[in-house]
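Hi,

Here is the structure I promised to pass on.

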Amino acid sequence: MTADPASPELNDVLRLPGLRDGWLDRRVFTDPGVYQLELERIFARCWLFIAHESQLPKAGSFLTTWMGEDHVIVVRQRDGGVNAFLNSCPHRGNRVCKAETGHARGFVCNYHGWSFGLDGDLTGMHEASVYDAEPGFDRSRLGLTPVAQIASYKGLIFATFDPAAPSIQDYLGDFTYYLDVILDNDPAGTEFVGGSIRSELGCNWKIAAENFAGDALHAGWTHASGAEAMLGQSVPQLGHPDAVSYHVNTNGHCWEFNLDAVGNAATFGDRLVMRYLRAHHDQFRERLGETRARMVGSISSVNVFPNFSFLPGQNTFRTWQPKGPDRTDLHTWVLVNKSAPDEVKEAWRKGAMMTFSPAGLFEMDDGENWEAATRANRGVVTRRQPLHYGLGLGSRIDHPELPGNVYQGQINDANQRAFYQRWSDLIQAATWDELDQRPDSVQRPDSGKRPDSGQCPDSGRP
Amino acid sequence: MPGQRSAVNRRDETMPAASSSDLLAEVSAFLAFEARLLDEERYDEWLALFTDDARYWVPGVENRARRDAAGPVSEDHMAYFDDSLADLRRRVTRLMSSTAWAEDPPTRHLHLISNIEVETTAHPQEFQVRSVFVNFRGQGESDQATLYGSRLDLVRRDGDSNLRIARRKVTLRHNVLPAKNINTFF
């Protein structure tokens, strides 16, 4: 890795020694040094969500997005594949694509006319004859810089800048079992509704990501007013003694859900969507089995490590793009089953607008909380006070069916601890090999061992 | 660039057909009153300014090349609002709820409305009204957000001779919204 070694004091923060007992150091949200290490060791290394296949319908279809603070062009190739390149000219660094999406035959830099094909190759420039006469000048070595690896999982395209990163299958691991709930409940697959709504939040990206990773607790309280307006009633109590609900995680990817309460789809109160889900329940069961069929519209939330979140049922998909320790750009999309009737797709589009968008009844309250927390954490004395992440320390269970690390109860901090543990492991490990050798990096439910280092995400046992 | 798309308007515009100064004054006063209702969070009175069949649309504004035939705004793409009157009423229900924690202490709203143009239509009781706005919100000690945009309204005179908004299209001048939320209306 190219990051400078962290200072001893910073290393203490990065180790998160209190996490096993349910405490988090607030400096992970505020320290500029921590943020730079995140860019190097998380965002320049992990597989990041960059596009849905449906956004790039034909050769030349492109969109621009962010991988950490690196701007990239994602473009459909003539052979039908997809590639992604740094959106920066190798000559003077200017952007070569200034639109957020569209269709192009290639990309031309405004500055000196350096031109690039869809494959990123340098095809020409202003006053090309002078370059051609330049001894040793080699166009073939001056294309746009591609990502190291790019791969698709059932419609979702991910990329990584790290050639040494494990395959997308290994990176997602057991989590594909859960991803299929939303990506593979219909034979025709999924697509994104057109367009993307984007907004700026004055918060650290992790506070948003961990919210989707596991924070079912906030739903009934933060969103009391939204639920009242959408449903005419409050969010049902999720932590009652008979609740059948879980936190599950694999490699820092987190899903919290229940199998017994009113669904997410119901929380935007749309009859068309509910009718569609009910009418297709047998199909879901056939494709996914009974348990996962019940997860399709469950009250649930998901974060794919590090910064890609969604809500099954409501089908809002989003990335939290880091812009500094205390700023995050939120990009949102809506996922629908490709084969769903147009009026059902429209109901999902409008439902997302009504609930989880900057003007949405639910989202409005989240940004407020996250900004205020981020600001409070800046205080030099405040940030020395650890935050409590101690719910469900003994909630880990073995489950006959669910893979990954499984925890009893949706009202839990288990996933949030797993998210920060993965974050800590990645930010400390200089290589993926080193990460794999950490005693607790592979947290299998059947291991039954409690690591003796201070790295355990959870002191619970099977 | 003649014949190419600008970031906002997609059709050639001409000066509106002259409307009477009385009508312009009446519409201007109506829009100023509407803005004050929003500043003062008098949302029920604000909702009463819309017709029952109103559509309130605030599309996402996409950052596309001029040559891109799709243009910056598409009907079926994601939007901030694409609301019926019932949808607007639900948003107001949340804003006025005693559990809308983010609304307390209250936001300090300012709606500045300008560049008002009124155009008569084929229907004698309907007018096409253009305006631009600056929407400022202050919150807490120093939180603030300023949003800019233009509006294209269809304003209808109802049976009691009152003006009502039947259609509103709001075109923001932002691609990434420079705000954490939109706890207001335009």
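Below is what I found, going from the chain contacts down to a single residue.

Some housekeeping: this is a predicted model, in which local features need pLDDT of at least 70 and side-chain atom pairs count only at pLDDT 80 or more, while totals for chains, interfaces and linings use all residues. Residues are numbered from 1 along each chain as its sequence is written, and chains are lettered from A and ligands numbered from 1 in the order in which they are written.

**Where the chains meet**

Let's start with the interface. On the chain B side 33 residues are in contact with 36 residues of chain A, where contact means that the C-beta atoms of two residues, placed from the backbone, lie within 7 Å. Strand 2 (79-84), helix 3 (85-96) and strand 7 (176-177) of chain B each put at least two residues into the side that touches chain A. Helix 3 of chain B gives the most, with five residues. Sorted by class, that side of chain B has 13 nonpolar, 10 polar and 10 charged residues. The classes are simple: Ala, Val, Leu, Ile, Met, Phe, Trp, Tyr, Cys and Pro are nonpolar, Asp, Glu, Lys and Arg are charged, and the others, Gly among them, are polar. Helices (H or I, at least four residues) and strands (E, at least two) are DSSP runs, numbered from the N terminus.

There is also strand pairing across the chains, and two strands pair if DSSP finds at least two bridges between them. Strand 13 (residues 197-201) of chain A and strand 7 of chain B run parallel and are joined by two bridges. In one of the pairs, R198(A) has V176(B) as its bridge partner.

**Chain B by itself**

Chain B has three helices and seven strands. Read from the N terminus, the order is α-α-β-β-α-β-β-β-β-β. Among the contacts in chain B with a separation of 6 or more, 60% come from residues 24 or more positions apart.

**Two domains in chain A**

Chain A is divided into domain 1 (1-44 + 177-462) and domain 2 (48-153), with bounds from an automatic or database domain assignment. Their centres, taken over C-alpha atoms, are 32 Å apart. Between them, 11 residues of domain 1 are in contact with 10 residues of domain 2. Helix 2, strand 12 (190-192) and strand 18 (316-322) of chain A each supply at least two residues of the domain 1 side, and strand 18 of chain A gives the most, with three. That domain 1 side divides into eight nonpolar, two polar and one charged residue.

**A four-stranded sheet**

Chain A also has an open antiparallel sheet of four strands, in the order 5-4-3-6. Strand 5 (82-86) and strand 6 (101-103) of chain A are at the edges with a single partner strand each, so one side of each has no neighbour in the sheet.

Strand 3 (residues 61-67) and strand 4 (residues 70-76) of chain A run antiparallel, with six bridges between them. T64(A) is bridged to I73(A), and L63(A) to V74(A). These two strands form a hairpin with two residues between them, and G68(A) in the turn has a positive phi of about 65 degrees. Strand 3 of chain A is also joined to strand 6 of chain A, antiparallel, by three bridges; there S61(A) has H103(A) as partner. Five of the seven residues of strand 3 of chain A are buried.

**Helix 2 and E38(A)**

Finally, L37(A), E38(A), R41(A) and I42(A) in helix 2 of chain A meet W423(A), L426(A) and I427(A) in helix 14 of chain A. By class, this contact has five nonpolar, no polar and two charged residues.

So is E38(A) buried or exposed? E38(A) counts as buried, because it has 24 C-beta neighbours inside 10 Å. Leaving aside neighbours within four places in sequence, E38(A) is in contact with F43(A), P322(A) and I427(A). From E38(A) to A51(A) it is 13 residues in sequence and 22 Å in space, C-alpha to C-alpha.

Cheers

Definitions and conventions
Buried ≥ 20, exposed ≤ 12 C-beta atoms within 10 Å, placed from the backbone.
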